[in-house]
Amino acid sequence: MKKLSRLTRLGASAVLALTILVTPVVTARADDEVPEDNSAAIIAAAVADGAHACNTDMPEDGTLFVRLDGTFASDRQNEWLNLVNSYRREACENGYPDPRDPSRRLTPNDYAPMIWSSDLEQSAMLRAAEASLTMYHYSLTPVLVVGHDRAIWERSYGASYGNETIAWSSNPVASWYGERNAWVNGSGGETGHYTAMIDPSSLCIGIAGFNGTYVGLYGGTEYILDENRYVIGSYVPGGDPINTSAYNSQIAEIYDDWIANVNVTCEGGFVVIGNETDLKALATIKVVRLSGDSQFSDIEVLPPSWGCEDPDILSVDGVGNAVAVAPGTAHVYCYINGIRYNGTVNVLERASEASPSQTLSSSSSTPASDSGYSGYSAPAAGGGTVGGSFVPSASGSGIEGFVDRLYTVALGRNCDPIGRDYWLSRVRTGGATGSDLARGFLFSQEFLGKNMSNEAFVDTLYATFFNRTPDALGRSYWLNRLNNGESRQNVISGFTNSIEWHVLCTSYGVVSGSAAAT
């Protein structure tokens with residue numbers, strides 16, 4: 001497999017919540033006797049556990065693998081392909097400007113349907129998952145070509161590809177189509193997503209969607225263009241769409257110097273004698289980008305080697321598989337970039353000996369704020385609680401009730417007629433979505449003047465978007481992001497992309513809205 005040398009380092013900060021752990025011991029020290037590199041076996045084990053493989057089977061020097069939690073959009077590939085081809089046909093039949101030469105008009109003879117490529121889809125799956133951390137065109141280990149990262153395709157197939165488009169929405173193809181009028185009318189603005197889709201020289205396509213823990217559904221598309229423009233080499237187009245429902249995560253490659261604060265333990269921090277467990281290294285990751293840093297917690301790192309100082313208590317192999325042998329506290333460790341990170345695992349006679357916090361940790365799911373990605377059904381619109389107190393709900397229904405509710409829950413007062421008419425007009429005549437209105441309230445001078453603490457802010461978000469009081473794990477998760485420097489704008493995006501918010505908006509007959517293409 002071809003490897004490209006790193007041309008540039010860009011920074012970005014990312015932290016992914018996979019599991020909530022307790023009592024980790026986090027220490028790091030240099031160690032001259034680093035165990036054998038078991039990266040290949042560790043990746044194979046992750047793939048066997050449902051992770052979608054990375055574009056390379058071994059990390060480059062200075063990089064390592066992480067596992068990004070989320071679910072791929074399954075059984076939508078044919079829907080998206082058919083939609084792309086319908087837009088291509090429309091452009092040719094209506095004589096829209098030719099992306100190859102805007103002075104020329106497309107004709108029906110220019111139409112040719114895109115061919116699905118499972119190879120391109122593999123590349124799009126990785127880009128989609130990476131974008132759950134960073135809403136940029138740059139991959140986590142960027143190799144820049146004409147301002148865009150093409151390392152994923154190049155490193156997989158040793159050749160350039162024609163184009164990449166991305167969108168954060170439940171239907172990325174429809175998002176790109178939203179640029180049609182700007183292209184057809186020449187009114188200016190972004191049109192590259194749409195023109196790549198209708199370009200007759202685009203031969204093959206692969207699309208993927210990923211519901212990540214940090215950013216909602218992300219669509220990634222890779223195109224192969226005319227061989228006279230881009231060298232395709234030995235690539236053979238075609239293949240059936242991938243059964244993405246078989247995957248529960250994506251393996252990605254990041255720079256090892258973005259790793260900090262590694263928590264080493266197993267899920268829950270304990271295991272019962274005779275049982276098996278998998279050791280985990282959950283790290284804070286700082287991803288640096290030209291447009292600013294981002295930081296995330298608890299992303300699962302896949303270190304190249306594991307070990308245990310107490311094999312008579314916990315037997316650990318080089319890939320992190322552990323078997324509980326005898327009661328006690330086992331001191332476990334892993335190596336990342338030659339640095340040893342230590343933690344503990346408690347081995348118990350029986351599960352009943354676990355502390356309440358351990359039991360909660362080992363049995364809990366991802367934070368409730370992520371439940372929108374796993375089919376969670378929000379309650380019907382109505383009252384809720386914030387910080388233990390009842391939040392009255394507007395009694396109305398429809399758009400009026402939706403606006404009244406925002407006044408009550410977000411601003412804590414009844415609406416005034418002028419303000420109410422303004423917001424109703426934005427929905428009725430301006431096409432504003434529920435997310436547009438929510439942001440308008442939460443970034444209004446009146447709301448900002450409340451100077452809320454992070455705790456009160458998170459409680460208000462739960463009431464506004466989920467119509468309920470926050471659960472302990474979800475509240476802790478969002479507070480951790482805010483307290484580690486995440487902007488309130490970014491945190492709000494996590495709520496607006498949830499299914500709970502979508503269901504709540506739908507109950508009022510309001511379109512929830514989604515993030516824009518980029």
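Trainee: Where do I start with the salt bridge between Asp459 and Arg475?

Mentor: Keep in mind that this is a predicted model. The idea is to look for a nitrogen of Lys or Arg within 4 Å of a carboxyl oxygen of Asp or Glu. Here the side chains of Asp459 and Arg475 meet that way, at 2.7 Å from N to O.

Trainee: Which helices do Asp459 and Arg475 lie in?

Mentor: Asp459 sits in helix α13 (residues 454-466) and Arg475 in helix α14 (residues 472-483), so the bridge ties together parts that are 16 residues apart in sequence.

Trainee: Which residues join into one network of salt bridges?

Mentor: Look for bridges that share partners: they join Asp98, Arg100, Arg104 and Asp110 into one network.

Trainee: And how many salt bridges does the structure hold?

Mentor: There are 17. One of them pairs Glu300 with Lys280, with the closest N and O atoms 3.7 Å apart. That pair links distant parts of the chain, since Glu300 is in strand β17 (residues 294-302) and Lys280 is in strand β16 (residues 276-288), 20 residues apart. Glu300 has a relative accessible area of 9%, so it is buried, and Lys280 is buried at 16%.

Trainee: What about Arg413 and Asp416?

Mentor: Arg413 and Asp416 form a salt bridge too, with the closest N and O atoms 3.3 Å apart. Arg413 is partly exposed, at 29%, and Asp416 is also partly exposed, at 27%.

Trainee: Now for helix packing. At what angle do α10 and α11 pack?

Mentor: Compare the directions of the two axes, each running from N to C; an angle over 145 degrees counts as roughly antiparallel. Helix α10 (residues 417-428) and helix α11 (residues 434-442) pack at about 150 degrees, with axes 10 Å apart. They are therefore roughly antiparallel to each other. The crossing of α10 past α11 is right-handed.

Trainee: Which residues make the contact?

Mentor: From α10 come Trp423, Arg426 and Val427, and from α11 come Asp436, Leu437, Gly440 and Phe441. As a general idea, an α-helix has 3.6 residues a turn, so residues three or four places apart point the same way.

Trainee: How many residues of α11 are buried?

Mentor: Seven of its nine residues are buried, so α11 is largely enclosed by the rest of the structure. Those buried residues are Gly434, Ser435, Leu437, Ala438, Gly440, Phe441 and Leu442.

Trainee: Let's go back to α14. How do I read its packing with α15?

Mentor: Use the angle again. The axes of α14 and helix α15 (residues 488-496) come within 9 Å and cross at roughly 155 degrees. α14 and α15 are therefore roughly antiparallel, and α14 passes α15 in a right-handed crossing. Trp478, Arg481 and Leu482 of α14 meet Arg488, Asn490, Val491, Gly494 and Phe495 of α15.

Trainee: Last topic: how many disulfides does the structure hold?

Mentor: The check is for a pair of cysteine sulfur atoms within 2.5 Å, and the structure holds zero disulfides.

Notes:
Residues numbered from 1 in each chain as written. Predicted model: local features only at pLDDT ≥ 70, side-chain atom pairs only at ≥ 80, totals over all residues. Heavy atoms only, no water. Helix = DSSP H or I, 4+ residues; strand = E, 2+ residues; numbered from the N terminus. Buried < 20%, exposed > 50% of the residue type's maximum accessible area, 1.4 Å probe, protein only. Axes fitted to C-alpha atoms, helices over the stretch in contact; angles between N-to-C directions. Parallel < 35°, antiparallel > 145°, perpendicular 65-115°, else oblique. Left-handed = near helix turned anticlockwise from the far one by under 90°. Contact = heavy atoms within 4.5 Å.
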